Amino acid sequence: MKAMLTVFRDELRRIFALRPVFSVLVIGSAFYAVFYPQPYLNEALRNVPIAVVDGDGTPASRELARRIDATSDIAVTMVLPDVASAEREVFARKIFGILAIPKNFERDLLHGRASPIALYADASYFLLYQRVAGGVAAVAQTLGAEIEAARLIGIGVDPALASAASDPMQLTAVPLFNPQGGYATYVLPGAFIIILHQILLMGVGLLGTLPGADPSENATDDPPPGPFATVVGKMLAYLLLEAIILPLYLIALPYLYGLPRLGGVIPILIFAVPFVLSVSGLGLVVAAIFKNPLSVQLVLAAIGLPFFYLAGFGWPTEVIPPTVHVVSLLVPSTSAINGFTRLAQLGAPLADVRGEFLLLWGLTLLYGGIAWILEVRRRRVASVPSWPASD
C-alpha cells in the first residue's frame, strides 16, 4: 500500500511538473470547456434564406409565401421572376432554396384540383435542407387543408365535417429530451465524452513516455514499487484528477449552456469511475507500446475522428457494420457515451446502463492487466545486463 501511495503521489506531482502533460490535461481541458460549445450556442438553424418564384401572383400564392416567411426556420429574402435567376443566387450562396409556385395555383386549388408547388433545396448541407424542406411542407399542408375546408364549407358541408375531411389525422409532435429540437442538445453531451476521453488518453500516454516515468529511477532508500503498485497507483492519480475535470464537463457545463439534464449527480459520478479507469489503462498500454511522446500524439490525433464516428452518435449504430461495432466496444468512449447520455439526458437509473457499466469495468481489467504485463516485461528487459561488444 505504501508503494502504491508513493506512485500515486509522484504521478500527481509529474502531472503538474511536466509542462506538456499539464498543457494537455489541465489547460487543454479548460480550453475545450470554454471554446468548444461556442459554435452550437444558437441550438437550431433559424431563418434560412430562400427565394420565391411566384408564377401565379394571386392572393393564395402571396399568402403561401407570407406564411413560409413567418416561420422561424425560413426567411424569404428574394422574390424573383424566374427559376434561372434564382439558380444564380443559389450558386452565389446567397440563398439555400427556391420555392416555385406555378401559374393557375389559386384557380386549381379553388376547383379542388391538385396544384403542386416545387421546392429546390440545397442538400449539400443536410441541416439546411431539413429546415427548408420541413418548414415549406408544414406550411403547404396547413394552407392546403384550410383551402379545402373553405371549399367544402362553400358547397354546404358542415364546418366541423369539412375541417375533419380536409385534415383527418392531425399530428402533434412532442420532442422528448430535446424540447428545442436543437443540434447542441444532441451533439454536445457526446462530444464532451469524446473530449474527456482523448485528453485523458493523450495525457496518460505522454506521462508514460516522458523522462522519469519509471518509479524505479527515483533515488530513494525505499525499494522500488512493484508493477502492480505502479499501474494501480498511476490509475488512481488520474482518477483523482478527473474527479475535478469530469464533473465540470458533465454537470457544470450542461447547466451553464442550458442543456436538458434529467439525471442525478450520483449515478453520473458512479458511472464515471470505470470510464476514467479504463481510459487510464488504455493510455498506459499506448505509452508502453509507442514509447515516444511524438508517436503517442500522432497516433492519438489520427484515431480521434474514427473514435467519434464509432461511438454511434455522429453516425447511427444501427447502420454501422456489426463487426466494426463489436470492435468499437473496445474503445471506452463507445460505451461511455451511451451510458452517460441515458443517465444525464434521459434520466435513466444506473440499473438501466448496467451493460455499459460492466463493460467499462471489463475494459478496466483488460487494459490494466495488459499494462501490468507490459510493465513486468519492461522491468525484466531492463534488468538483463548488457554485455560489452566483442572486438
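Helix H8 (residues 183–209) and helix H11 (residues 293–310) have axes that come within 10 Å and cross at roughly 165°. H8 is therefore roughly antiparallel to H11. The crossing of H8 past H11 is right-handed. The model behind these values is predicted.

**H8 against H11**

On the H8 side, the contact uses Ile-194, His-197, Gln-198, Leu-201, Met-202, Gly-205, Leu-206 and Thr-209. They meet Pro-293, Val-296, Gln-297, Leu-300, Ala-301, Gly-304, Phe-307 and Phe-308 of H11. Sorted by class, the residues of this contact are 10 nonpolar, six polar and no charged.

Leu-305 also lies in helix H11. Is Leu-305 buried or exposed? Leu-305 counts as exposed, because its relative accessibility is 54%, and the cut-off for exposed is over 50%. Leu-305 and Ile-194 are 111 residues apart in sequence. In space, their C-alpha atoms are 9.5 Å apart.

**H8 against H10**

H8 also packs with helix H10 (residues 265–290), their axes coming within 8 Å and crossing at roughly 40°. That angle makes H8 oblique to H10. The crossing of H8 and H10 is right-handed. H8 contributes Ile-193, Leu-196, His-197, Leu-200, Leu-201, Val-204, Gly-205, Gly-208 and Thr-209 to the contact. H10 contributes Phe-275, Val-276, Val-279, Ser-280, Leu-282, Gly-283, Leu-284 and Ala-287. The contact of H8 with H10 holds 11 nonpolar, six polar and no charged residues.

His-197, Leu-201, Gly-205 and Thr-209 of H8 are listed in the contact with H11.

**H10 against H13**

H10 has a further partner in H13, with axes that come within 10 Å and cross at roughly 170°. H10 is thus roughly antiparallel to H13. From H10, the contact takes in Pro-267, Ile-268, Phe-271, Ala-272, Phe-275, Ser-278, Val-279 and Leu-282. From H13, it takes in Pro-332, Ser-333, Ser-335, Ala-336, Gly-339, Phe-340, Leu-343 and Ala-344. The class count for H10 with H13 is 12 nonpolar, four polar and no charged residues.

| Helix pair | Axes come within | Crossing angle |
|---|---|---|
| H8 and H11 | 10 Å | roughly 165° |
| H8 and H10 | 8 Å | roughly 40° |
| H10 and H13 | 10 Å | roughly 170° |

**A loop residue**

Ala-351 sits in the loop between helix H13 (332–344) and helix H14 (354–383). Its relative accessible area of 39% makes Ala-351 partly exposed. Ala-351 and Pro-116 are 235 residues apart in sequence. Their C-alpha atoms are 52 Å apart in space.

**The whole chain**

How many helices and strands does the chain have? It has 14 helices and four strands. The radius of gyration of the chain is 30 Å, whereas a compact globule of 391 residues would have one near 21 Å. Along the principal axes, the C-alpha atoms fill a box of roughly 105 × 50 × 40 Å. Of the 391 residues in the chain, 42% are buried. Among contacts between residues at least 6 apart in sequence, 78% join residues at least 24 apart.

Key. Residues are numbered from 1 along each chain as its sequence is written. This is a predicted model: local features need pLDDT of at least 70, side-chain atom pairs count only at pLDDT 80 or more; totals for chains, interfaces and linings use all residues. Side-chain values use heavy atoms; hydrogens and water are left out. Axes are lines fitted to C-alpha atoms, for helices over the stretch in contact, and angles run from 0 to 180 degrees between N-to-C directions. Helices (H or I, at least four residues) and strands (E, at least two) are DSSP runs, numbered from the N terminus. Angles under 35 degrees count as roughly parallel, over 145 as roughly antiparallel, 65 to 115 as roughly perpendicular and the rest as oblique. A crossing is left-handed if the near helix is turned anticlockwise from the far one by less than a right angle, and right-handed if clockwise. Contact means heavy atoms within 4.5 Å. Ala, Val, Leu, Ile, Met, Phe, Trp, Tyr, Cys and Pro count as nonpolar, Asp, Glu, Lys and Arg as charged, and the others, Gly among them, as polar. Buried means under 20% relative accessible area, exposed over 50%, partly exposed in between (1.4 Å probe, protein chains only). The radius of gyration is taken over C-alpha atoms; the globule rule is 2.2 Å times the number of residues to the power 0.38.
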